[in-house]
Amino acid sequence: MNGTQSMSTCFNPTAEKIGSTFAYCLLSVVSLAGNTFIGMIVYRTKTLRTPINILIVNMAISDLWYTIIFFTKRLTEINNAGHWLISGPLGQALCKLSVFAVDVSNLVSVQSLVLITVDRFVAVVFPLRSPSISSKQCWFFIIAIWVVAMAVYCPYLFALKVVEDSEGLACRFQWNDAFGESFSSEGYFLGTVIVVTYVPLVSIAILYFAIALTIKSQKSPGEQSPNLQSGRSCKSSPRQVYDFKKVNLEDLNELFHWIPWNGAFLEDDVNSATVNVTDLILAAADDCIPKFVVKKKLNPPWITREGLRQVYDFKKVNLEDLNELFHWIPWNGAFLEDDVNSATVNVTDLILAAADDCIPKFVVKKKLNPPWITREGLRLVKKKRKLWGRLKSGASIQLRERFKQLRFETKKLIRSNYREYLVKLSESLKDTIPSVFGRFTPSKPNLGDYLNRFFYEGVSARKPSEQAKLLNLHFHSVFSKSYDLEHGDSHPKEEVAPGSLISVATCPSEVRNILAKLNLNKAAGVDSIPARLLKCIAIELAKPVSWLFNSSFTRAIVPQLWKQANISPIHKDGDTGVEK
């Protein structure tokens, strides 16, 4: 009797109802307060808005959802003997959402724990790599977590229904009504349990086991890494510098933010702490910042790449693409203004812009050695420099005598080559100087082939010399016009001098023939357009260049750009320091 009475008192329904209600209310208050405080603290403190803390806030939100929905539903069932209270469309919606939201919040929390574990695994096992979850990726992962959780439990929205039985209304699964008899509810629940519970738990256990092994196998701080030791001791290796142009500053700052600096100060020794901090900085920089090898000495800051001499690399150009590009250039736009100078500048700019876009360039790094500096001489000079370096590190009588002998041989070879070069040059000049002007005279172009016969003030000209005289008379008459001094006008009067060069004209075919015969060894002028470029695109340039010539003939104006030239003074005799 006593035993039966005690058992009945222990399972008193009223006491059980009161105890369950108090427990659920207490858990609800604690969960609401704790999860709310987590969100508020992370929101108010900017330094705490890291990817891991944002995932923790995501877990707190899912826990709040679980607390509000599940505990409310559970308290209602306890106080109403498990009966469903609401019917109709609202009752159907609440029945579906109450179970669906609870399971979704559980899966969201599990997935967030898996992501946090993965991030901790990367941070411990690979400490010098950038974090696996960045600030931008974190929001993507959060959205993906909720979408996946809702997709997994979306069948709940079709299977849960409010049904009426002998005891009243109840919210139950109706799988056959929603998906038919072929659907296996047992297989669905088994799959969700494996995917939602067992797979994440096993993954978390494996990752934390790997973290524990990594921490256990770590060496004590203070020991320098082999890479740093070899990098500091190897003086013969090429010089490498950090390429800060290719570094991502956000990733770099985030990487240094997660470096365990406290581990560098475990030993009570300033020297070891200094070495540890230095090693951590260099190791993190090597992992995040790319390097490049300095093959040569850097130029001074005032010597930029634009200041170096650059030439077109015609070996790498595609002539078909180059001609097609010049074919589609709107040359008419260069002649919109009624000014020969502006048209000349526009045409030049179009040519150079198209050439820069289609033809690669290379920098002329250094001047060629003089002809008397042969390969054998360079080999002796290099050998002498190497011997001089050994002589400075440790002086000895044998090395000194060997260096003197090598220096004597080098000077002797260079002087001998220089004398031979002068002898060959003098002999070649004796044979070529008398015939220089003889070869030049017949090579002059026949201007009669290029310029048509024209008239000026009733005088015709066919020979080049006669045509040159008529051109001089015309340009002289143009530039010696009278000025309106009475009104102070510095511009020439509007009246046109009698006679003009309208009959002097050239055609694209003539220009194309001239451009095709250009000497490729001639240097470029002030406009920096090489002769090889003009020859390659002679067909496409024939039309705009002929327009420039005809415009110059018609207006009797020589473009200002054509009057400029690059002049290099050549010393003839006398003192080079005296200016004349």
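This is a predicted model: local features need pLDDT of at least 70, side-chain atom pairs count only at pLDDT 80 or more; totals for chains, interfaces and linings use all residues.
1. Let's start with the charged pairs. How many salt bridges does a search of the whole structure find? The count comes to five. As background, side chains of opposite charge can pair when their charged atoms come close.

2. Take Arg 120 and Asp 119 to begin with. These two residues form a salt bridge, and their closest N and O atoms sit 2.8 Å apart. Is Asp 119 buried or exposed? Asp 119 counts as buried, at 5% relative accessibility. Arg 120, on the other hand, has 25% relative accessibility and counts as partly exposed.

3. Next, have a look at Asp 313 and Lys 316. Here the closest N and O atoms of the salt bridge are 3.9 Å apart, and the cut-off for a salt bridge is within 4 Å.

4. Arg 379 and Glu 376 meet through their side chains in a salt bridge, at 2.5 Å from N to O. Where do they sit along the helix? Both belong to α14, which spans residues 375–393, and because they are three residues apart, about one helical turn separates them. Arg 379 is partly exposed at 44% relative accessibility, and Glu 376 is likewise partly exposed at 38%.

5. Now for the nonpolar side. In soluble globular proteins, nonpolar side chains tend to be buried together. The largest nonpolar core in this model has 27 residues, and those touching the most other members are Leu 55, Val 104, Val 108, Cys 138, Ile 142, Tyr 153 and Tyr 156. Which elements each supply at least two residues of this core? They are α3 (51–79), α4 (88–125), α5 (135–152), α6 (156–159), β1 (160–165) and α8 (185–217). Helix α4 gives the largest share, eight residues.

6. Leaving aside residues up to four places away in sequence, Val 104 touches Trp 146, Ala 149, Met 150 and Tyr 153. Tyr 153 is itself listed with Val 104 among the residues that touch the most other core members.

7. A second core of 24 residues is separate, and its members include Trp 331, Leu 352, Val 511 and Leu 515.

Definitions and conventions: Residues are numbered from 1 along each chain as its sequence is written. Side-chain values use heavy atoms; hydrogens and water are left out. Buried means under 20% relative accessible area, exposed over 50%, partly exposed in between (1.4 Å probe, protein chains only). Helices (H or I, at least four residues) and strands (E, at least two) are DSSP runs, numbered from the N terminus. A nonpolar core is a set of buried Ala, Val, Leu, Ile, Met, Phe, Trp, Tyr and Cys residues joined through side-chain atoms within 4.5 Å. Contact means heavy atoms within 4.5 Å.
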